[in-house]
Amino acid sequence: MTLPTINPTSTKAWKALQDHYEHIKDKHLKDLFAQSPDRADSFSIEWNDFYIDYSKNRIDQTTKKLLIDLAKEVQLDKAIQSYFGGEIINETEDRAVLHTALRLPSNQSVKVAGKNIVPEVTAVKDKIKTFCDKVISGELKGHTNKPFTDIVNIGIGGSDLGPAMITESLEYYKNHLKVHFISNVDGDHMHQNLKGLNPETTLFVVVSKTFSTQETLSNATTARTWFINQVSSEAVSKHFVAVSSNIPNVTKFGIDSSNIFPLWDWVGGRFSLWSAVGLSISLSVGYKNFEALLEGAHEMDEHFRTTSFEENIPVILGMLSIWYNNFFEAESEAIIPYSQYLHRLPAYLQQGIMESNGKSVDRNGKPVDYQTGTIIWGEPGTNSQHAFFQLIHQGTKLIPAEFIGFKHSLFEDKDHQDKLMANFFAQTEALMNGKTEDEVLEELKSKNLSEDKQKQLFPFKIFTGNKPTTTVLINKLTPKSLGALVSMYEQRIFVQGVVWNIFSYDQWGVELGKQLATRILDEINTSQLSAHDSSTKTLLKKYLN
C-alpha cells in the first residue's frame with residue numbers, strides 16, 4: 001500500500017470533531033463575527049493573485065485545529081509525498097497519478113518505475129507547440145491547400161469537458177479559429193455540429209486514450225464518412241489528428257502516425273486537459289496561453305505540496321467540505337462563478353469531484369460506514385440568483401456554496417463589473433446574515449401595509465441566514481489564474497479522497513453501464529432480446545416496434 005489506509009472515523013480528531021460539532025452546530029455566523037471582529041483576517045489566505053475568504057463558514061479556531069488534526073492523523077502529508085513522487089497511488093489500476101507532471105518545468109524530474117518522465121512530457125509539449133503554430137499561422141493547410149478555419153474536437157468525459165471548459169473560459173484570448181466540441185453519441189448533436197462546416201478547411205481532433213470508446217469512435221467514424229463523401233479518403237490523413245495511446249487503432253482509422261499525440265497511463269481522463277488532450281485549447285488560444293495555463297497550475301501544485309496545512313488552500317477547502325458532508329450531513333455543494341466565461345466550470349467539476357470521490361469501498365476493500373463524495377452543481381451568478389438561490393436562502397437543505405469572482409473585468413467595463421461584483425458580495429453577506437423578525441417587521445411597517453397584511457406576509461419574509469459560503473476572489477481571469485483555479489480543485493479532490501480512505505483515481509462505476517449498453521446494442525441490431533427485467537424488456541420492445 002502506497003497510501004495510508006486509516007479509517008477516519010477511528011481517529012482521535014474525528015471523535016473530537018463529533019463532540020465539537022454538538023457544541024457549534026447551532027451557533028450563528030453573525031454571533032461568531034460579533035465575538036471576533038478580526039474574523040476575516042483569521043480565516044483567509046492570500047496567495048499570488050488569489051484571496052480566499054472562508055470566514056463565512058460555520059467554524060471557529062477549534063474547528064480549524066481539529067480539521068487540521070484530522071488531516072495530519074490520516075497522514076495526508078505522507079500521501080502528498082507519494083502522489084507527487086510518482087508512486088502507484090491508483091492501486092486498483094496499478095498506476096501512478098501524475099497529471100501534476102504535465103505542468104512541470106522541463107528542468108525538473110519525477111520518476112515512474114525509475115525513469116524520469118519529464119523529457120517525454122516536454123517532447124509532447126514541443127510537438128503541440130509546433131503543430132499549433134503551423135495551423136494558426138496557416139502554414140499547415142488541408143488537402144486542397146486551404147488554411148484551416150474550424151477545429152472539431154471529438155471526445156467524451158475528460159476528453160471533452162476539460163478542453164471545452166477551458167476553451168470557453170478563455171474565449172477572450174482566442175484567435176481566428178472556430179472550435180467545436182462533439183461528445184454525445186446523440187446523432188442529432190453530431191450532425192448539428194457538422195452542418196455548415198466546410199470539410200476543406202476543417203481539422204478534426206479525435207481524443208481517446210484507448211481509441212475504443214464507443215461514443216468517440218462512433219462520432220469520429222461519422223465525421224470521417226461525412227468528410228470522405230465530400231472530399232476523398234486520401235485526404236483523411238491531412239484533416240484528422242488523434243490524441244491516443246493506441247497507435248495501431250489510430251493508423252487503422254486513417255490518421256497518419258506523425259499526427260498522433262501520445263498519452264500515458266498515469267494521466268486520468270478527468271485530469272488530462274494539461275496533456276495533449278488540451279490540443280484544442282492550444283489551437284484556440286495559442287500555445288503561449290496554453291503554457292501560461294500550465295504554469296498557473298504548477299504554481300498551485302507547489303503551494304499545495306509545500307505549504308503548511310494551516311495556510312494551504314486545497315487542504316482548507318477540502319477539510320471544510322468534509323466538515324459539512326460528514327458532520328452537518330450536507331449532501332451537496334454549489335459552485336457559483338461570477339463570470340459568464342466560467343459557465344462550464346461547475347459541469348467540469350461535477351466530473352472531477354463526483355467521478356473521483358463517489359466511492360463506497362475504502363482502500364482496504366471494505367464498505368465505508370460514513371459519507372464520501374458530495375453532489376456538485378452550480379451556474380454563473382447573477383443568473384443563478386434568479387433561479388435556485390431561493391432554495392439556498394430559504395429552503396430546508398444546508399448547501400455550502402463557493403463564490404468565484406474577479407476584481408477586474410477583461411473588457412474593462414467598470415459599470416457592468418461594479419454591478420456584477422455588488423451582487424457577488426451581497427449574496428454571501430445575505431446568506432450569512434439573513435433577515436431577522438425585527439428587520440422584517442420594520443420593513444413591512446415602512447410599506448404602510450394594513451396590520452392584517454403585515455401578519456400575513458411576516459413568516460414568508462424571514463431569512464434564517466447562517467448559510468455557509470467561501471469566497472475566491474482573483475485579480476483577473478487569465479490563462480495563468482485559470483490554471484491555478486482548476487489545480488486548486490484537483491488538489492482538493494485529493495485531500496478529500498485521502499481523508500475518506502478511498503481511491504480517487506479509478507472509476508469502475510463508469511464501466512457497468514458501458515458493458516450493458518454494448519450487449520443491448522447487439523440485441524437492438526438483431527432484434528433478439530435476452531433476459532431482462534420486465535421494465536427493460538418492455539422499454540426495448542417499445543423502441544423496436
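# Cavities, sheets and helices in a predicted model

Visitor: Which element gives the most residues to the lining of the largest cavity?
Guide: In this predicted model, the contribution that stands out in the lining of the largest cavity is one of 4 residues. Helix 14, strand 12 and strand 13 (469-476) each supply at least two residues of that lining, but the element that gives the most is helix 14.

Visitor: How much space lies in the largest cavity?
Guide: The structure holds 4 cavities of 30 Å³ or more. The largest of them is lined by 13 residues, and Y324, E333, P400, E402 and T470 are the ones that lie nearest its centre. By class, this lining divides into 6 nonpolar, 4 polar and 3 charged residues, and the space in the largest cavity is about 80 Å³.

Visitor: How many charged residues are in the lining of the second largest cavity?
Guide: The second largest cavity, with about 60 Å³ of space, is lined by Y54, I59, K64, L67, I68, V315, I316, M319 and L320. Helix 4 and helix 14 are the elements that give two or more residues to this lining, and the largest share, 4 residues, comes from helix 14. By class the lining has 8 nonpolar residues and no polar ones, and the number of charged residues is 1.

Visitor: Which helices do the buried residues of helix 5 pack against?
Guide: Helix 5 covers residues 76-84, and its buried residues are L76, A79, I80, S82, Y83 and F84. After the helix comes G86, whose phi is positive, near 80 degrees. The buried residues of helix 5 pack against helix 4 (61-73), helix 13 (287-306), helix 14 (313-326) and helix 20 (479-499).

Visitor: Which strands stand at the edges of the sheet with mixed pairing?
Guide: This open sheet is formed by 6 strands in the order 1-2-13-12-10-11. Each edge strand has a single partner strand, so one side of each is left without a neighbour in the sheet, and these are strand 1 (44-47) and strand 11 (375-377).

Visitor: What angle does the direction of helix 15 make with that of strand 11?
Guide: Strand 11 pairs with strand 10 (residues 332-337) in the parallel sense over 3 bridges, and S332 has I375 of strand 11 as its bridge partner. Helix 15 (residues 345-357) packs on this sheet and touches strand 10, strand 11 and strand 12 (401-408), and the angle between the direction of the helix and that of strand 11 is about 165 degrees.

Visitor: Which residue in strand 6 stands opposite N153?
Guide: A second open sheet has 5 strands in the order 6-5-7-8-9, with parallel pairing. Its edge strands, strand 6 (178-182) and strand 9 (260-261), each pair on one side only. Strand 5 (residues 150-154) runs parallel to strand 6 and is joined to it by 5 bridges, and the residue of strand 6 that stands opposite N153 is F181.

Conventions:
Residues numbered from 1 in each chain as written. Predicted model: local features only at pLDDT ≥ 70, side-chain atom pairs only at ≥ 80, totals over all residues. Heavy atoms only, no water. Pairing = 2+ DSSP bridges. Contact = heavy atoms within 4.5 Å. Axes fitted to C-alpha atoms, helices over the stretch in contact; angles between N-to-C directions. Buried < 20%, exposed > 50% of the residue type's maximum accessible area, 1.4 Å probe, protein only. 1 Å grid on protein atoms, 1.4 Å probe; cavity = no way out; pocket = protein on both sides within 12 Å on 5 of 7 lines; lining within 4 Å. Points joined across faces, edges and corners; volume = space filled by probe spheres on them. Nonpolar A, V, L, I, M, F, W, Y, C, P; charged D, E, K, R; others polar.
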